[in-house]
Amino acid sequence: MLDVQKIRKDFPILNRTVNGKPLVYFDNAATSQTPQQVIDVIVDYYSNYNANIHRGVHSLSQEATDAYEQARLKIQNHFNAKHSHEIIYTSGTTHGINLIANGFSSILKKGDEVLVSALEHHSNIVPWQMLCERTGSALKVIPMNANGELVMSEYDVLLNDNTKLVFVNHISNALGTINPIEDIIEKAHSVGAAVLVDGAQSCPHIKPDVQALDVDFYVCSAHKMCGPTGVGMLYGKEEWLNKLPPYQGGGEMIAEVSFEKTTYAGLPHKFEAGTPNICGGIAFGSALDYMNAIGFDSIATYENELLDYGTSELLKIDDLKIYGTAKEKTSVISFNVGAIHPYDIGTILDKMGIAVRTGHHCAQPIMDFYNIPGTIRASFMFYNTKEEIDTFIVALKKAIMMLS
Ligand SMILES: *Cc1c(COP(=O)(O)O)cnc(C)c1O
């Protein structure tokens, strides 16, 4: 069992007040908080060995390079990638998706088809629309049902020999649905299509094994899993990464440069142009250490308790409707109360120290499906408590009274 009171002591921000009230932070699906262990790594980097990597012969540069490459190995190990050069540092999920979308613009042709799920974040929709515009290939959508689950029988119908790529999130940030990616990947491969999984929302809660999944590309952001903003990772199968052209040109990504011809560096450097977020990469590694020390099984068990408790307490409120009631879901609860605008509730909750998200959660197609402008979203991490859910429910009831 996970000792939540002990864990909370690791997160200095959880001690602060907001508008005179103790902070209740339920916006974890937007970004998670950072434990002292990771903050210490960041301070240590800038205090003791800040230098550019892969270049200098001097000691600081060596130390920074070693720590950065050590963190890559931690990421490789965490996701069970076969090779460390299959782990590409990115600035986050959005960057990883754009890198792959750009690569495929030299592979896709007119008549090819790419499939996206109805449950996607805008960053897993727009780059593919841009790709399809450039290449003349067609974008098709795997539909969802009212529970917020993908309609897998429709997926079977959509897949065909023209399907070249499928992209789907592992967990929906707006509804918390856990998608059946094993099945999605297996079926895509049976028609020869590659699969990119957006893991931004799954990595904080589960530990994916990219080899067991046999996924072609998997992307995530460190800031949703106790790390800093501005860094993330792209996993790609070696064969694919060798096949795709580089995304950006610059330093670090070359073997030799002359005005006549430039040759590119091997993996992973081919995709890592310019000075990266060195400190961020190192801190990402320590965030993984931190979460693994707690253990992803304990995290999942505890977060499921929070989800069940929060769901049953919310459903006691009159006129409250939860969007996203999939059988398989994680600790995200999206809801509305009667005809009250989510923004109004969110504003009053903030006055009472409670941070939730309101709006379309960068997933407008889902909101359109339900014909609503947005929802209130409470998303829990392993450092949240049932007591915080109680505080939230009391505050929510007050807000509803004020607004009705
Ligand atoms: C947050 C999120 C993204 C975007 O992540 P960035 O860190 O902003 O690049 C993409 N997809 C999902 C499912 C997300 O939750």
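Q: Is histidine 205 buried or exposed?
A: This is a predicted model, where local features need pLDDT of at least 70, side-chain atom pairs count only at pLDDT 80 or more, and totals for chains, interfaces and linings use all residues. Residues are numbered from 1 along each chain as its sequence is written, and side-chain values use heavy atoms, with hydrogens and water left out. Buried means under 20% relative accessible area, exposed over 50%, partly exposed in between, with a 1.4 Å probe and protein chains only. Histidine 205 has 6% relative accessibility, so this residue counts as buried.

Q: Which residues does histidine 205 touch, not counting those up to four places away in sequence?
A: Histidine 205 sits in the loop between strand E8 (194–198) and helix H8 (210–213). Helices (H or I, at least four residues) and strands (E, at least two) are DSSP runs, numbered from the N terminus. Contact means heavy atoms within 4.5 Å. Beyond its sequence neighbours up to four places away, histidine 205 touches Phe296, Ile299, Ala300, Glu303, Thr330, Ser331, Phe380 and Met381.

Q: What share of the 404 residues in the protein chain is buried?
A: The protein chain holds 14 helices and 17 strands. Its C-alpha trace spans about 70 × 55 × 35 Å along the principal axes. Of the 404 residues, the buried share is 55%.

Q: Among contacts in the protein chain between residues at least 6 apart in sequence, what percentage joins residues at least 24 apart?
A: The count starts with contacts between residues at least 6 apart in sequence. From these, it takes the contacts that join residues at least 24 apart. The share is 72%.

Q: How far apart are the end C-alpha atoms of residues 24–392?
A: An unreviewed UniProt entry lists this span as "domain: Aminotransferase class V". The span is 39% helix and 18% strand. Its end C-alpha atoms lie apart by 8 Å.

Q: Which helix gives the most to the lining of the largest pocket?
A: A pocket is an open set of points on a 1 Å grid over the protein atoms alone, where a 1.4 Å probe fits, with protein on both sides within 12 Å along at least five of seven lines; lining residues have an atom within 4 Å of a point. The largest pocket is lined by 17 residues, with Thr93, His121, Ser123, Ala200 and Lys224 nearest its centre. Three lining residues come from the helix that gives the most, H4 (residues 93–104).

Q: Which residues lie nearest the centre of the second largest pocket?
A: The lining of this pocket has 15 residues. Nearest the centre lie Tyr89, Thr90, His95, Ala273 and Pro276.

Notes:
UniProt positions are given in the numbering used here, feature names are shortened, and annotations may be inferred rather than shown by experiment.
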